[in-house]
2 protein chains.
Amino acid sequence: MSCDELPLIPMPLRVVGHVRCALPDDEVGRARRHLVSTIDVLPACAEGLVGIEAYSQIIVLFWMDRAPRDPALLIHPRGDDTLPLTGAFAARGRARPNPIGLAVVDLLARDGNALTVRRLDAWNGTPVIDLKPYDHYDVHPDPRVPAWLRARVER
Amino acid sequence: MSCDELPLIPMPLRVVGHVRCALPDDEVGRARRHLVSTIDVLPACAEGLVGIEAYSQIIVLFWMDRAPRDPALLIHPRGDDTLPLTGAFAARGRARPNPIGLAVVDLLARDGNALTVRRLDAWNGTPVIDLKPYDHYDVHPDPRVPAWLRARVER
């Protein structure tokens, strides 16, 4: 089943900035752990950044504009068919009803409207739709995850 | 400045479920820490849940349908004017360019399309737009936050 018949919220999203990343799209995922990118916030939104540098991490929500439009709801994570068929809501990939990506990133620096961040797995030019500060409510030190994912983390 | 002149993404969001919560709206924030709610995922999306029960926490993205439409970009967090004026991107409140709420919640149980969760600060009836599993990439054990927020966490 796909998700192309779901009810819609009629209000379009506002673009608040864009991702600037020197890597080609297909290298971003693999390089993520040490990848440093820039988020250029639109000048019209600059006031929204006041105080953000007090945080060591922020959550970036971005619009995956090159994701499939009506994806299947059951997928193999990471396109790896040795991994179990998994629902879109139990995976972090690009195939999901709303192509909203989420990354918790290290906020390394702010220079005016430009934020330098580490660990953002978004492609060059991706529209950013929200930034949120990461705080203690977001910390769950040892989350339970599926066996296949734990094996990869421990490798 | 407000954010009502920002460029838009023309594609509307899909509703994938709704929050069910027994508390009145104005009590949800305060009660958050121990609050247990239900997320009713639409039957058309049920396949998307396959495998989600392997995770102890999930990230819920929801559409804050009762949030202000064109909010100011500088606000006092929590409406408390003893706290410094802060940009919308440096705060977790409802006043933001796109009224998308985000909560990391404990996944307590799944019964078909209904997920029982703890710590979801979304009001009864709120449309849900995405669910994502929480994993080790999302854990930053001791985040730096502003002094006023740290003081509240330690209280």
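A:Leu8 stands opposite B:Arg14, a residue of S2(B), in this predicted model. The pairing crosses between the chains. Strand S1 of chain A, residues 8-9, runs antiparallel to S2(B), with 2 bridges.

In total, 66 residues of chain B contact 66 residues of chain A. On the chain B side, seven elements each supply at least two residues: strands S1 (8-9), S2 (13-14), S5 (57-63), S7 (86-87), S8 (100-111) and S10 (127-133), together with helix H2 (147-154). S10(B) gives the largest share, 6 residues. By class, the side of chain B that touches chain A holds 47 nonpolar, 9 polar and 10 charged residues.

The two chains meet symmetrically. A rotation of 180° with 0.0 Å of shift along its axis places chain B on chain A, at an RMSD of 0.0 Å. The copies are thus related as by a two-fold rotation axis. The surfaces used also agree. Of the interface residues of chain B, 100% are interface residues in chain A as well, so the copies meet through the same surface.

Within chain A, the fold comprises 2 helices and 10 strands. Their order from the N terminus is β-β-β-α-β-β-β-β-β-β-β-α. The C-alpha atoms of chain A occupy a box of roughly 45 × 40 × 35 Å along the principal axes. The radius of gyration of chain A is 17 Å; a compact globule of 155 residues would have one near 15 Å, and the two agree. Buried residues account for 41% of the 155 residues in chain A.

Strand S5 of chain A, residues 57-63, is mostly covered, with 7 of its 7 residues buried. In a regular strand, side chains alternate between the two faces of the sheet. In S5(A), A:Gln57, A:Ile59, A:Leu61 and A:Trp63 point one way, and A:Ile58, A:Val60 and A:Phe62 point the other. Both sets are buried. S5(A) has two antiparallel partners in its own chain. One is strand S8 of chain A (residues 100-111), joined to S5(A) by 7 bridges. The other is strand S10 of chain A (residues 127-133), joined by 5 bridges. A:Phe62 takes part in both pairings. This residue stands opposite A:Gly101 in S8(A) and opposite A:Val128 in S10(A).

Nonpolar side chains tend to be buried together in soluble globular proteins. Here the largest nonpolar core has 82 residues. A:Ile58, A:Val60, B:Ile58 and B:Val60 touch the most other members of this core. Leaving aside residues up to four places away in sequence, B:Val60 touches B:Ile39, B:Ala103, B:Val105, B:Leu120, B:Val128 and B:Leu131.

A:Tyr134 lies in the loop between S10 and helix H2 (147-154) of chain A. A:Thr38 is 96 residues from A:Tyr134 along the chain, and the C-alpha atoms of the two are separated by 18 Å.

One face of S9(B) is covered, formed by B:Leu115 and B:Val117. The other is uncovered and carries B:Ala114, B:Thr116 and B:Arg118. S9(B) pairs in the antiparallel sense with strand S4 of chain B (residues 36-41), over 5 bridges. There B:Ser37 stands opposite B:Val117. S8(B) is also an antiparallel partner of S9(B), again over 5 bridges. In that pairing B:Ala109 stands opposite B:Thr116. The hairpin of S8(B) and S9(B) has 2 residues between the strands, and B:Gly112 takes a positive phi near 65° there.

Note on methods. Residues are numbered from 1 along each chain as its sequence is written. Chains are lettered from A and ligands numbered from 1 in the order in which they are written. This is a predicted model: local features need pLDDT of at least 70, side-chain atom pairs count only at pLDDT 80 or more; totals for chains, interfaces and linings use all residues. A nonpolar core is a set of buried Ala, Val, Leu, Ile, Met, Phe, Trp, Tyr and Cys residues joined through C-beta atoms within 7 Å. A residue is buried if 20 or more other C-beta atoms lie within 10 Å of its own, exposed if 12 or fewer, and partly exposed in between; C-beta atoms are placed from the backbone. Two residues are in contact if their C-beta atoms, placed from the backbone, lie within 7 Å. Helices (H or I, at least four residues) and strands (E, at least two) are DSSP runs, numbered from the N terminus. The radius of gyration is taken over C-alpha atoms; the globule rule is 2.2 Å times the number of residues to the power 0.38. Copies are superposed by least squares on the C-alpha atoms of residues with pLDDT of at least 70 in both. Ala, Val, Leu, Ile, Met, Phe, Trp, Tyr, Cys and Pro count as nonpolar, Asp, Glu, Lys and Arg as charged, and the others, Gly among them, as polar. Two strands pair if DSSP finds at least two bridges between them.
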